[in-house]
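Here's a quick tour of a protein structure for you to follow on screen. Have the sequence and the 3D view open side by side, and look for each residue as it comes up.

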Amino acid sequence: MSKTIRIYTDGACRGNPGPGGWGALLIAGRHRKTMHGGEGETTNNRMELTAAIEALNVLKRPSRVELYTDSKYVMDGITSWMANWKKRDWKTSNKKPVKNKDLWMALDEARARHDVEWNWVKGHDGDPGNEEADALANRGIDEL
């Protein structure tokens, strides 16, 4: 695997549900790439997941990744909850279907190609990578 790629992801929604956007900043050495997009009717959690999926899927080869998210939902889902959801055929502990199963499955597939270290950062707290990802997510909404 090549050098570590740092990825900052964020999702945003105006209304929840409502118009939403996602953004990602990828940094590999001196190289930087930004990505963003949006959907007319979605939720904040769906946009947070989409940002991570899109960022991991754009990588052309298996990579070592440090992914930073300000979403406890993404962080807890990928590091704590997913293993049991899969064991229970994508049901929660109280036997209800997992929300956003389509995106969780896509994220599971995307991360399987890489060596990902998941990191949580406090949102809107001055972290430059998180702030840029947030601006990209909002741009995704603005460009709808």
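Thr 9 sits in strand β1, which covers residues 5–13. Helices (H or I, at least four residues) and strands (E, at least two) are DSSP runs, numbered from the N terminus. Keep in mind that this is a predicted model, where local features need pLDDT of at least 70, side-chain atom pairs count only at pLDDT 80 or more, and totals for chains, interfaces and linings use all residues. Residues are numbered from 1 along each chain as its sequence is written, and side-chain values use heavy atoms, with hydrogens and water left out.

- Is Thr 9 buried or exposed? Thr 9 counts as buried because its relative accessibility is 1%; buried means under 20% relative accessible area, exposed over 50%, and partly exposed in between (1.4 Å probe, protein chains only).
- Setting aside neighbours within four places in sequence, Thr 9 is in contact with a list of residues including Gly 23, Glu 48, Leu 67, Asp 70 and Asn 130. Contact here means heavy atoms within 4.5 Å.
- Thr 9 and Ser 71 are 62 residues apart in sequence, yet their C-alpha atoms are 9.0 Å apart in space.

**The nonpolar cores**

- A nonpolar core is a set of buried Ala, Val, Leu, Ile, Met, Phe, Trp, Tyr and Cys residues joined through side-chain atoms within 4.5 Å.
- The largest one has 31 residues, and Ile 7, Leu 56, Leu 67, Trp 104, Leu 107 and Trp 118 have the most contacts inside it.
- Two or more residues each come from β1, β2 (18–28), α1, β4 (64–69), α2, α3 and β5, and α1 gives the most, with 7 residues.
- There's also a second, separate core of 6 residues, with Leu 25, Tyr 68, Val 121 and Ala 133 among them.
- In soluble globular proteins, nonpolar side chains tend to be buried together.

**Helix α3**

- Helix α3 runs over residues 101–112, so 12 residues, and spans 16 Å from its first C-alpha to its last, close to the 16 Å expected at 1.5 Å a residue. That expected span is 1.5 Å times one less than the number of residues.
- Which residues of α3 are buried? They are Leu 103, Trp 104, Leu 107, Asp 108 and Ala 110.
- Beyond its neighbours within four places in sequence, Trp 104 is in contact with residues including Leu 49, Tyr 73, Met 82, Trp 85 and Trp 90.

**Salt bridges**

- The whole structure has 6 salt bridges; each is a side-chain nitrogen of Lys or Arg within 4 Å of a carboxyl oxygen of Asp or Glu.
- Arg 32 pairs with Glu 132, with the closest N and O atoms 2.6 Å apart. This pair links distant parts of the chain: Arg 32 is in strand β3 (residues 31–42) and Glu 132 is in helix α4 (residues 128–142), 100 residues apart.
- Lys 86 forms a salt bridge with Asp 108, with the closest N and O atoms 2.7 Å apart. Here helix α2 holds Lys 86 and helix α3 holds Asp 108, 22 residues apart.
- Asp 108 also forms a salt bridge with Arg 111, at 3.0 Å between the closest N and O atoms. Both lie in helix α3, 3 residues apart, about one turn of the helix.
- Put together, Lys 86, Asp 108 and Arg 111 are linked in a network of salt bridges.
- Asp 108 counts as buried at 16% relative accessibility, while Lys 86 is partly exposed at 40% and Arg 111 is partly exposed at 24%.

**Loops worth a look**

- His 114 is in the loop between α3 and β5, and the side chain of His 114 reaches the backbone oxygen of Leu 56 at 3.2 Å.
- The peptide bond from Asn 16 to Pro 17 is cis, with omega near 15°; Pro 17 is in the loop between β1 and β2.
- Trp 90 lies in the loop between α2 and α3, and its phi is near 60°, a positive value in a residue other than glycine.

Methods. A polar contact is a pair of N or O atoms within 3.5 Å; within protein, one must be able to donate a hydrogen and the other to accept it, and residues adjacent in sequence count only if both atoms are side-chain atoms.
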